[in-house]
Amino acid sequence: MKRGDGLILVNTGGGKGKTTAALGIALRATGYDLHGVMIQFIKGSWFYGEKKSFENLNPNFKLITHGKGFVGIIDDKLPFEEHKKIAQEAVEIAKKEVQNKKNDIVILDEINYAAHGKLISVKDILDIIKIKNKSLDLILTGNYAHSSVIALADTVTEMKEIKHAYNKGKLAKIGIDF
Ligand code: ATP
Ligand code: MG
């Protein structure tokens, strides 16, 4: 299918919806039988509904989880260096996937946040952008997207929190938040 030059999309900001919007594109794209992959930085070791949904969605759109949960929160017993090593491995996987001719779309979930938290460098993201196939659409999610990444992107959306149930003490909900 001829789809023209690839786009770079960034979903950033402090409000909810960065990952779910990217999942929405994956859902939409599989309707055209497009091929792709979502690589989850950071959150990999936890269960998310999408892990199961991707199995049912279409074998052409894969989910690769390669992280060990958020860094520095209460149940995080992993040394920072270990988080860094795993994030670096995810960067290497991403580099392969953006050059894989089979892929139409690659989603790098939480990669902006991984760079902000110094698990990876901003240069890692710029390198991925530089080497990606020309026709590949690349979606980068996570808060605190770096200005140099924003500068290179075609479509940048900032999710702005107006309200979040969490602030009323309502914890993350199955099917809504994970
Ligand atoms: P989602 O996966 O729901 O689209 P997100 O990708 O925009 O959220 P993340 O920073 O990845 O945001 O959020 C991880 C988890 O925290 C998700 O369960 C999400 O629903 C929740 N969350 C997102 N934004 C907020 C917020 N402003 N306050 C509290 N919790 C949030
Ligand atoms: Mg997210």
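Before anything else, a cut-off: I call a residue buried when its relative accessible area is under 20%, with a 1.4 Å probe and protein chains only. I also note that this is a predicted model.

Entry, burial. I looked up E110 and got a relative accessible area of 8%, so E110 is buried. T19 comes out at 11% relative accessibility, so I put T19 down as buried too.

Entry, the metal. Which residues coordinate the magnesium ion (ligand 2)? I find T19, through OG1, and E110, through OE, at 2.0 to 2.1 Å. Next I checked where the two sit: T19 is in helix 1 (residues 18–30), while E110 is in the loop between strand 4 (105–109) and helix 4 (111–116), so the pair ties together parts that are 91 residues apart in sequence.

Entry, ligand 1. How many residues surround ligand 1? I count 13, and the closest are K16, K18, E110, E161 and D177. Sorted by class, I have 6 charged, 6 polar and 1 nonpolar in that shell.

Entry, polar contacts of ligand 1. I went through some side chains, looking at N or O atoms against an oxygen atom of the ligand. E110 turns up again, with a side-chain N or O atom 2.4 Å from an oxygen atom of ligand 1. For D177, a polar side-chain atom is 2.5 Å from an oxygen atom of ligand 1. For T20, I get 2.9 Å between a side-chain N or O atom and an oxygen atom of ligand 1.

Definitions and conventions: Residues are numbered from 1 along each chain as its sequence is written. Chains are lettered from A and ligands numbered from 1 in the order in which they are written. This is a predicted model: local features need pLDDT of at least 70, side-chain atom pairs count only at pLDDT 80 or more; totals for chains, interfaces and linings use all residues. Side-chain values use heavy atoms; hydrogens and water are left out. Donors are N, O and S atoms within 2.8 Å of the metal (3.2 Å for Na, K and Ca); water is not among the atoms, so sites may look incomplete. Helices (H or I, at least four residues) and strands (E, at least two) are DSSP runs, numbered from the N terminus. Buried means under 20% relative accessible area, exposed over 50%, partly exposed in between (1.4 Å probe, protein chains only). A residue is near a molecule or strand if one of its heavy atoms lies within 4 Å of it. A polar contact is a pair of N or O atoms within 3.5 Å; within protein, one must be able to donate a hydrogen and the other to accept it, and residues adjacent in sequence count only if both atoms are side-chain atoms. Ala, Val, Leu, Ile, Met, Phe, Trp, Tyr, Cys and Pro count as nonpolar, Asp, Glu, Lys and Arg as charged, and the others, Gly among them, as polar.
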